[in-house]
Every structure is written in structure tokens, then in C-alpha cells.
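This report describes selected features of a structural model, arranged by topic.

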Amino acid sequence: MIELIDYGGGNIGSMIRCLQRLPADFISVETGDRISGNNPIILPGVGAFGSVMNSLRTRNFEKPLVAAIESDVPFLGVCIGLQVLFDASEESPDTKGLGILGGKVLRYKARKVPQIGWNRVESSQKGFDDGYAYFVNSFYPQPLDESVVLYQSHYETSFCAGVKKGNTLAVQFHPEKSGTFGHELIGRWIDAL
Amino acid sequence: MLCKRIIPCLDVDNGRTVKGVNFQNLRDVGDPVELATMYQDQGADELVFLDISATIEGRQTMLEVVKRVAEVLMIPFTVGGGVSSLKQATALLKAGADKVTTNSAAVNRPGLVREIAQEHGSQCCVLAIDAKKSKSHDGWDVLTHGGRENTGIDALVWALLAVELGAGEILLTSWDRDGTLDGFDVPLTKEFAQQLPIPVIASGGAGGPDSFVEIFGDGSADAALAASIFHDGMWTVDALKSQLKKNGIEVRI
């Protein structure tokens, strides 16, 4: 039973519909006490780093989420769900991230920000294909440990578009909006549970 | 590298996809969900649905269409057509639309753009502008109400204001080109694409692959919307994209 974190931000509907299409069993959890520590977790969403971290902390998600990830519970993070894994973000300099992966989240130095649309993602880990994925983002992570990089992409500069370390998988793009490429990515993650 | 986006547009009237010229002689061309799936399978990057119903019942039916589309569609879609309040925008987004677009209502009350952007995020807020070459100044005028009214407002000035208010993208329809098959409006699109810090979706005049090659090249559009060439079966999205790729345009294939 997948635990889908709902911290009150936007966009959870599209992940819910994606899980219904697959189909996959899930429950929405709105506070940290509902994290069992045994079930796979999905952290979706869009939003500013600072306000999402505040929501996660206010709803007591921080401790149980970090504990679950560090005990190898399967985790899938999407968009802001990737960025909060890191130490900090240029978007909200006063807010600390979860610090599960070392590194900072940086803003694109491109003429048009945010990046909106489909971009090519290239895989650096086995079992994951190259493809095109849908992005709506102004920020991207820069992991200190390059071995966690799963996907690379390019928007006026090369950037990390996804990470995988053990059972922790997180992507900057929206797999639930990335056609069959995204649908299959989530499908394979679920099959592997 | 970020790809250029091909976006088919579907007009919906009382729950059915329709086709016609200037809202006359509307023909039922099918179920929106079936057509949406067909375009998705052809490789469309996004879809736009415009509600052209003029009735309250029609608006309610549109919400049902949005829900059904959202259940099956795996690519982003934008919904518009008479969106005139935050409440309406919210209902469409909750029903499953990824973005909403506003046009005439926003010209009448620009605060609507800010409300939608603040409540839901700029990425959900697409401002549609109908533009026509101005006779009174060097630039373009904003038209409203399906092109029936010329507001005399400078279209670029309006677009720049909309950016300040939080618009995430501009859907720019050339009224000079719309309905023709002579190609998109390159000078209009290029000016907006170069002056605005947000993506510009070109609309109006798509004839064939050449139209798209020039609007993505010289025109600098980030995306292009078309209706007739797809609905009439002149081109499928995948055949179009093949041609674009051959011409050096970065597209998702």
C-alpha cells in the first residue's frame, strides 16, 4: 500500500489519477504520524522549496520521512519531492532541506525561466531508459555525490534531472505528465516494490 | 535541449468537439476524450480545449469533459473559453486541467491573472491574447470577444503587464492569420518571443510543416497551436514532427 504524501500543496490530483490509471493501491497521508515506516512513499508536487519544507515540518513529516528513507523504504519523489531531499535551495535561502542527499538546489541561469516543456533525459544507471520528459521548473539539484545521478538533461546548461540511491528514486520532471515514458517509469517502480 | 511543442486545439460545445469557421456552421467531429487520446497517441506534446458553449449547462458539461480527459490523458492539457473568475479557474483545475487560459475577462479585469497565479501558481496560468496589426500605432491591438471588439490596447504592453501579474505563458493568436492556411504570423510572434521572459505559444495560420519550421526558427516561438490542419486530417502530429525534425527543429519523437 503506497503512502502518498499530501502536504496541502498543489498538483496531487495528477499523481492520484496516474496511480489510478496504472492501477496501484495507495492512501493519501496528510500528517507525519500516518507514515508507517513500512510502506513505499511517494512525495509529489509543485511549490516553492521554503513553503513546502514548512508544510512538511508543520505536519510532522520530517522525522518519519527521513527515518523511512534512511531505513531503505522505497521512496519516489517528484519535482519538489526531489529538491527537498537536498541540503538547501537558492529559492529559499533561510530554509534547510531534509539533507538526505548532500548538495544544493540551484536556479537556471537561462533566458526564460521556468523551463516549460519536454526535454531529453539521458540515463546513467542500468534499468532506466533515455527518453523525453515534461518539465515545469526553475530550479534543479546539484548532488555532491555524482554517483547518485540517474538522469541528466540540458537547458542552456547541463543539469541533474533525477537521482537514484538504493531505494530512493526522485526526478525533477513530472512522470505523471510525461506520456508513456513517465507512465512506464512509475509502473516499473511499482512493479519492483 | 528543450523541444518545441506541438499543441492541437479542440473546441468543445456542450460536451462534443466541434469544428467550424468563426463559430458558424459548427459540426460535431467527435468525443473530446477519444480525440484527445488520438492526438496523444500521435505524439502531441500538450492539448488545449476551448469551451465555446454559451450556456451555464454547457459550462457544467465542460467540467465533466475535463474530468474524463484527466482520467486518461498522460500529457498536460489546458482548458479555456470564457474563464472569468478565480472560482471557475479553480473548478477546472480541480477537475483535472493542468493549466487554464483566460482572454477577454483578463483584459477587462487584469487582477484575474494575479488571482489565478497566486492561488495556483504561474505555471497554471496561460494568458491568451488575440492580436491584430494596429492601424493607429506601430504594433498590434488587443481584440476581445472572439475578435469582435478592438480594445485599442497595445498587445505587447498588455503581455508585459500580464507577466508582472504572474502569467506563466502567453498563447498569442494572430487575428490577421487565423482561419487562413498561409502560415503563422512571424513578425508578431518574434517580437513577443524576444521581448517576453515567458514562453510564447504561436497560434493562427498553420498551413503545413513550413509554417511550423518558420515560426520555430525565425519566429522564435516556444510552442505552436493548431486546429484545422489536424482536425481536417491534412497532417497527423507524428508526420508533422518528422518533417520538422528533418528541418532541424528539436521536437520530441
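## Basis of the description

Contact means that heavy atoms lie within 4.5 Å. This is a predicted model, in which local features need pLDDT of at least 70 and side-chain atom pairs count only at pLDDT 80 or more, whereas totals for chains, interfaces and linings use all residues. Residues are numbered from 1 along each chain as its sequence is written, chains are lettered from A and ligands numbered from 1 in the order in which they are written, and side-chain values use heavy atoms, with hydrogens and water left out.

Helices (H or I, at least four residues) and strands (E, at least two) are DSSP runs, numbered from the N terminus. Two strands are taken to pair if DSSP finds at least two bridges between them.

## The surroundings of His174(A)

His174(A) is located in the loop between β12 (168-171) and α5 (179-191) of chain A. Leaving aside residues up to four places away in sequence, His174(A) touches Asn11(A), Gly45(A), Val46(A), Val78(A), Cys79(A), Tyr134(A) and Val136(A).

The relative accessible area of His174(A) is 5%, so this residue is buried; the term means under 20% relative accessible area, while exposed means over 50% and partly exposed lies in between (1.4 Å probe, protein chains only). The side chains of His174(A) and Glu176(A) are joined by a polar contact of 3.0 Å. Such a contact is a pair of N or O atoms within 3.5 Å; within protein, one must be able to donate a hydrogen and the other to accept it, and residues adjacent in sequence count only if both atoms are side-chain atoms.

## The nine-stranded sheet of chain A

Strands of a sheet pair through backbone hydrogen bonds, either parallel or antiparallel. In chain A, nine strands form an open sheet with mixed pairing, in the order β2-β1-β3-β4-β12-β11-β10-β7-β8. The edges are taken by β2 (26-29) and β8 (131-137) of chain A; each has a single partner strand, so one side of each is left without a neighbour in the sheet. On average, neighbouring strands of this sheet are turned by 25° against each other, direction ignored; the axes behind such angles are lines fitted to C-alpha atoms, for helices over the stretch in contact, and angles run from 0 to 180 degrees between N-to-C directions.

Strand β1 (residues 2-5) and strand β3 (residues 41-43) of chain A run parallel and are joined by two bridges, with Leu4(A) partnered by Ile42(A) of β3(A). Strand β7 (residues 115-123) and strand β10 (residues 149-154) of chain A pair in the antiparallel sense over two bridges. Tyr151(A) in β10(A) stands opposite Ser123(A), and Tyr151(A) also stands opposite Gly162(A) in β11(A). Five bridges link β10(A) with the antiparallel strand β11 (residues 158-165) of chain A. These two strands, β10(A) and β11(A), form a hairpin with three residues between them, and Glu156(A) in the turn has a positive phi of about 65°.

Strand β6 (residues 103-107) of chain A runs antiparallel to β9(A), and five bridges join them. Val105(A) has Pro141(A) of β9(A) as its bridge partner.

## Backbone features in loops

Most residues other than glycine have a negative phi, and most peptide bonds are trans. A cis peptide bond joins Leu22(A) and Pro23(A), with omega about -10°; Pro23(A) lies in the loop between α1 (12-21) and β2 of chain A. Another cis peptide bond, between Val113(A) and Pro114(A), has omega about 10°, and Pro114(A) is in the loop between β6 and β7 of chain A.

Asn60(A) has a positive phi, near 60°, and is placed in the loop between α2 (49-58) and α3 (62-70) of chain A. With a relative accessible area of 54%, Asn60(A) is exposed. Asn14(B), in the loop between β1 (5-13) and β2 (16-21) of chain B, has a positive phi of about 50°. Asn14(B) counts as partly exposed at 42% relative accessibility.
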